[in-house]
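Please study the sequence and the structure, then work through each solution in order.

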Amino acid sequence: MPANLSARLCSLLLSLFLIAFALPAFAGPFEDAVAKFANDDYSDTEEAIGVVASSGNPLAFPIISALQDGRLMADPDSKKVYVTGTDGKSIDAATGQAVASVPDSASAVRLNNRLRRSVDAAVGSLTLQSPDVGTRLQAAQSVFKSHEETALEAVDAALAKETNKSVKATLGEARAAILLFKPDATEVEKLEAVATLRARGDQEAMALLTGMGDQPASVTKAAASAIGSIQSSLAVWSTVQNAWYGLSLGSVLLLAAIGLAITFGVMGVINMAHGEMVMLGAYTTFVVQEVIRTRYPGLFDYSLLIAVPLAFLVAGAIGVLIERSIIRFLYGRPLETLLATWGLSLVLQQAVRTMFGPTNREVGNPSWMSGAFELGQITITYNRLWILCFTLAVFAILLAMLRYTPLGLEMRAVTQNRRMAASMGIATSRVDALTFGLGSGIAGIAGVALSQIDNVSPNLGQSYIIDSFMVVVFGGVGNLWGTLVGAFTLGIANKFLEPVAGAVLGKIAILVLIILFIQKRPRGLFALKGRAVEA
């Protein structure tokens, strides 16, 4: 019995020794991989990323995402690795247990560009099974960009379960990108990958096809054909993108010039202060948003809807005041009108500088005007799209007002023959005041729109006054349809000339073309008709 008891005691002591000293050496591949982050060696870090990402451990995603964000801390003395959360709390990366604080000797695990691609791929593969569609789509796009071979198994597993068409298509493209660079992929797989990337047809797909290195002859030939097809497609989409930019610029020019078309066409007044009416509308928007921010923050998304009528009233009232106090004494004297309104523009700029300061003022975008979306291979921002729609709506309302209201009828009569209109009992002086106020008010609501895409400063209006006159003269003085066509024509022409000649030379070329055009058609594209006009 004593010998048996002695043997049992030896076995017990041996077991305790193994538990205390030997078992930590066999902690497991996950713990061993986590410990390699503390070696400060890029090769060990890369190996650790692969093992952790494929381990299936619930701590894998917090560790890899912390590494991506620079929140994975490693202590070279104790070989401990810690995950620091965005809330300031930390955990042991190997066990998940909370720690009071990270040692002072710990520092963030270093990454280079190659490791960052591996981390992006690992994060993508770890989030491919997320219940959120947007997260899965973003993960698939991340894997496509990194095309790391280690993510192939996760992509195949996600493809087998995916039901969303958009995510499934992106996963297929990510799989194709991986196979294209996978050394042991078959020739058939590579040809299928080339076809998938050809169907995607964007710059990223072309970059992958261009940089895929040595491949079998059939794959190289297919890739060259795909690159040519993508280049042709991108050239077409580039033309469409430039056309959209031209429409966007044209809508801005139309909005800035439409008020000038009324005052210049009806009254024959060269109003150099028109740009300042635009500027006043932008500052009205700023004041409205400031009041809403401080008192009614819940109404911020409605700030532009509130600012539009207020900007119209403010700029329109100032326009009527200018006409009654200055312009009415200068009819028939265009040079004096030009000088007077130019001086007035300087006064208005200085007044705004005194009230609001010389620096730019912040005007925010409501949520429904923020962001962008993809249409084919072009990007459309919501603020530009809404400005285009707003401009066309203003144009339609103004056109209807001129055609179907008594004021519109009187304005058209005064435009075509002022003396005859006066002899028929129309108060031309009242029409002049209301016309100037209407044109100024429209300039004010143009300022509301322009505040969303340009700096709100005392010099805002000066950026648009020359272009506005060019639009009005080119389209036909006093003709709204001419202003519409002129604005969009000049906008599109500018955007197609800029890539070839540059922004400055492009504007000079447009100016020269307009001068040559006016030599042939002095009254513009759409000349007004009437005995007084034609006389």
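**Exercise 1.** Determine how α15 and α20 are oriented relative to each other.

*Solution.* Step 1: two packed helices are described by the angle between their axes and the distance between the axes. Step 2: helix α15 (residues 382-404) and helix α20 (residues 480-501) pack at about 165 degrees, with axes 11 Å apart. Step 3: angles under 35 degrees count as roughly parallel, over 145 as roughly antiparallel, 65 to 115 as roughly perpendicular and the rest as oblique; α15 and α20 are therefore roughly antiparallel.

This is a predicted model, in which local features need pLDDT of at least 70, side-chain atom pairs count only at pLDDT 80 or more, and totals for chains, interfaces and linings use all residues. Residues are numbered from 1 along each chain as its sequence is written, and side-chain values use heavy atoms, with hydrogens and water left out.

**Exercise 2.** State which strands stand at the edges of the open sheet of 5 strands.

*Solution.* Step 1: the order is β4-β3-β2-β1-β5, with antiparallel pairing (two strands pair if DSSP finds at least two bridges between them). Step 2: β4 (98-99) and β5 (107-108) each have a single partner strand, so they stand at the edges. Step 3: β3 (residues 90-92) is joined to β4 by 2 bridges, and isoleucine 91 has alanine 98 of β4 as its bridge partner.

**Exercise 3.** Describe how β6 and β7 are connected.

*Solution.* Step 1: strand β6 (residues 372-375) pairs with β7 in the antiparallel sense over 4 bridges. Step 2: the two strands form a hairpin with 2 residues between them. Step 3: in the turn, glycine 376 has a positive phi of about 65 degrees.

Technical notes
Axes are lines fitted to C-alpha atoms, for helices over the stretch in contact, and angles run from 0 to 180 degrees between N-to-C directions.
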